[in-house]
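Keep the model open while reading.

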Amino acid sequence: MTRECALLLPGVCAALADPRQPGLDDTCLEKLLDWFRSLTWFADPTVELVQDNPCLAELITAVLALPDPSPGILSFTLQLGGILASAESRFQHLQQEKLLERLFGREGPRGGAAWEDASVRSAWARAVHSMLHHQPALLLLCSTGGMDVIFTLQGDPSLFVASAASQLLVHMLTFSLESETSKALSTKDCDWPACAQMIVKHIKESLQSSSASRIEQSLKLLSSLFGSCFGSCYAAWTEVLWLDIAKQIESFLLEETVQAQPVLANLLLNVARSPVFCGTEGSFWPLVTSALEHLTPVQAGPLAVGLLKLCKCPQDVRIQALTVLLQPMDCILRAASQPLECAGLLDESVSDPVTVESLLSSKTSCAGLLCQTLAHLEKLLSLKHLREDLPCVSLLRSLMTILQFCNGFLSPASPLGSTISRNLINCFRVQKSALDVLAALSEKKDCDTLLGSLFDVLLTYLQSPNTSPTVLKKTFQATSKWLVHLQELSSSNSQWQQTEKILEDVFVVLQKRLCSPCWEVRDSSLEFLTAMVKSLREQKEFRQCLLSSEVLRLTENLLEDPESYVRASAVTAVGHLAPVTYFAPESPHLGNQYNRESIVAKLQEILSTDSEGFPRRAVISIFTKWLREGCTGQLEDTEQFVSRVIQTVEHDLDWEVRLGGLELVEVFCSQTICQLAQCPYAPVSSADASSTTPNELLQVFCRAKLFGFLFGSLCDCDKPVGQRACDVLVGLRGHFYPMSTLENPQEIEDSPAGRGIAWLQRTLRQGSLAQNFPTDGGGGVDFQDPESMMLALGAIDLLELHDELNKSSDHVEESPQSLLQDILAAVGTIEDNEVDCY
């Protein structure tokens, strides 16, 4: 603790303990607690903190003496006591003054009226948690009846209090075993330490009680316990505890009256993650198998997907878990036709198929079960290494069936299929989930035989007026993924005709959707077009379909759309289309000079005049992309192009547009240096390298008016802009002064240019206060003079500026000293209780 803070602390403690003072903001008190935590965590954990600052103990004494302390101050005091008592030396010091028994014992807040406030109960539990890092604290808690309080809080009506109590019990059990880890344990004859024994006894009694809430509380506690470090670091104790409760858990699985099945599934999954149960021997894995059989499909789903992620799960259990997930999909496939025209997903079921059929037959449960199942399957498909192969062909067929049920394009002959179809008609939730899994399946290589049927289903959704905008967006995303798969397939086996037909159909639909009256549909269509261009621009069939359709003209028209999101998406689409059209030498009818200049002018107009930020951000992003890809012509053209753009963006009110302009400048500088000087990535002869002088590079940059933009951006009121400008300037200085041979400011200040540079240095030190400083020669600086800019790069301390810009904006206000001053200012002003708390 600094001397300044030590001087302020007594006044703060006195103010906090004074009931006449106005209550402090909770955020302020939390920040104060954070400061004390940092002092006790990172400083020497000795008694000096409380010895040298007796005001802390006086604060606790004063608050405990108040007849009716506010819940906020009492909660703060409890947590402060727990933090201070976290080190044994400080604990003993506070014990000598009988403070800790008064805080956490029977005579403390837990026996008074303040205990009715949930925030006080929560603070008590969190404070005890903070304190319990040594045996004397554990003994104090047990000797003052604290364990019974914690057991009661476990069932508190406040979820925050109940959660804090559960976390505390997990911590206590783990901490009480730390001293026992070196002892040899026998699972047949094991003595728990005293505190752990109380907790285990409480768990076992709760599990055997007739109270459903007590059973659920203990199951949640066990789940948290096995899910914590206890399950992995205390293998022997984990096994002992599991053997004590396994029979009871098994009985819950078989009893239909117990309502805690979801908690049971989570508990079994956390136990399965423990290294104790790596082997296939013992009774645990048969219990998991029993759970997969007896839990409902909705309850068993999370357990099944969790098991499939475990590498050590036995193979037979993994197969059973996968079967649980596939069972609803199998039911869908079998219900689609009668008799069954193709093989289902499963040879046999884990649980009774009637259970799944009844859930799918119910209007209330059908969508929920399918959405959960599809979410689990998508998660499995995203895993790089899944030990079980999914039956992708049958799964794809089942997904297509679900999608056809949802849009009413499939009329099943079976009674079950008809019921499911009625339940799913126009069900957007299921449609979106099925399309997500469909997109994930595009990564698999063995679904090629169904491509024709698959694109029929996708095109039906794309064409249907009943497809909602959100479902249409998902359909576009899935179609894009499968078009990439189709491209890979057609390039390998010459399926050109099928690819061309599908692309023609897609472009016909796209033309229609680009003209939709719904802006979300137009926006999704443009995003889909951009995704196609990114993935298929090299494919001949794609370019032919694109250039022979009306898509390009319609996309250009949408640059003037009344909706800003659509204009932004149109800018992005045009930007990605440009290399295929306007800048493509093989497309003379579209890539001619007039059309190229026209589209560039149109985007520049959007950049300078559009009233919304999204389209302008999209334009600067596209211009940077074009510059990177060399689409802007020769160096002279590029220089003029960059100059026009930065003169537009430097006055933009959107900081992200200005930041994009700096990225454009950075790319331009990098490319120009590579073209005119020796590029580190391309072999250049020494004769060529030496022929370019620094002045030639600087002339290019000055003609483009880069330096006025860069130095002006250093004073931008938005810090990311200043940081990026400084990064660019530091990079340029590294090129022009590679050996750190910087100019001496004293030697150059007498010259006219030097005086201007000195003014610039002083101005930049003012930071954002100087954000309106002139970039047109004001202050005696000519930002278009190569010699002056060479001097500026060499003389101005850019690294110092870099450090200043990268400092947190609250590096002063966030200090403990500032916090203490804020508290004193706040409590000293009764009428105006506004705290300048960061």
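Packing angles run from 0 to 180 degrees between N-to-C directions, and the axes are lines fitted to C-alpha atoms, for helices over the stretch in contact. This is a predicted model, where local features need pLDDT of at least 70, side-chain atom pairs count only at pLDDT 80 or more, and totals for chains, interfaces and linings use all residues. Residues are numbered from 1 along each chain as its sequence is written, and side-chain values use heavy atoms, with hydrogens and water left out.

**Overall make-up**

The protein chain has 44 helices and zero strands. Helices (H or I, at least four residues) and strands (E, at least two) are DSSP runs, numbered from the N terminus. Of the 838 residues of the protein chain, 53% are buried. Buried means under 20% relative accessible area, exposed means over 50%, and partly exposed lies in between (1.4 Å probe, protein chains only). Contact means heavy atoms within 4.5 Å. Among contacts in the protein chain with a separation of 6 or more, 72% join residues 24 or more positions apart.

**Helix packing**

| Helix pair | Angle | Axis distance |
|---|---|---|
| H16 (residues 261–272) and H18 (residues 297–308) | about 10° | 8 Å |
| H18 and H19 (residues 315–335) | about 135° | 9 Å |
| H37 (residues 694–703) and H39 (residues 719–736) | roughly 155° | within 11 Å |

The orientation classes follow from the angle: under 35 degrees counts as roughly parallel, over 145 as roughly antiparallel, 65 to 115 as roughly perpendicular and the rest as oblique.

H16 and H18 are therefore roughly parallel. On the H16 side, the contact uses Gln261, Pro262, Ala265, Leu268, Leu269 and Ala272; H18 supplies Gln299, Pro302, Leu303, Gly306 and Leu307. The contact of H16 with H18 has eight nonpolar residues, three polar and no charged. Here Ala, Val, Leu, Ile, Met, Phe, Trp, Tyr, Cys and Pro count as nonpolar, Asp, Glu, Lys and Arg as charged, and the others, Gly among them, as polar.

The crossing of H18 and H19 is left-handed. H18 brings Ala300, Gly301, Ala304, Val305, Leu307 and Leu308, while H19 brings Val317, Arg318, Ala321, Leu322, Val324 and Leu325. The contact of H18 with H19 divides into 10 nonpolar residues, one polar and one charged. A crossing is left-handed if the near helix is turned anticlockwise from the far one by less than a right angle, and right-handed if clockwise.

H37 passes H39 in a right-handed crossing. Pro694, Leu697, Leu698 and Phe701 of H37 meet Leu732, His735 and Phe736 of H39. The contact of H37 with H39 holds six nonpolar residues, one polar and no charged.

**Aromatic pairs**

How many aromatic pairs does the structure hold? There are 15. Rings of Phe, Tyr and Trp (its six-membered ring) pair if their centres lie within 6.5 Å; planes under 30 degrees apart are stacked, over 60 edge-to-face and the rest tilted.

Tryptophan 35 and phenylalanine 36 form a tilted pair, 5.1 Å centre to centre with 40° between the planes. Tryptophan 35 is buried at 9% relative accessible area. Phenylalanine 36 is buried at 1%. Phenylalanine 701 and phenylalanine 707 have ring centres 6.5 Å apart and planes at 70°, so the pair is edge-to-face.

Glutamine 604 sits in helix H32 (residues 593–609). Its relative accessible area is 19%, so glutamine 604 counts as buried. Beyond neighbours within four places in sequence, glutamine 604 contacts Phe623, Phe641, Arg644 and Val645.

Serine 176 belongs to helix H11 (residues 159–177). Serine 176 is buried, at 3% relative accessible area. Leaving out residues up to four places away in sequence, serine 176 touches Leu138, Pro193, Cys195 and Ala196.

**Positive phi in loops**

Most residues other than glycine have a negative phi. Lysine 98 has a positive phi, near 60°. Lysine 98 lies in the loop between helix H6 (88–96) and helix H7 (99–104). Is lysine 98 buried or exposed? At 51% relative accessibility, lysine 98 is exposed.

Asparagine 426 also has a positive phi near 60°. Asparagine 426 is in the loop between helix H23 (415–424) and helix H24 (428–441). With a relative accessible area of 44%, asparagine 426 is partly exposed.
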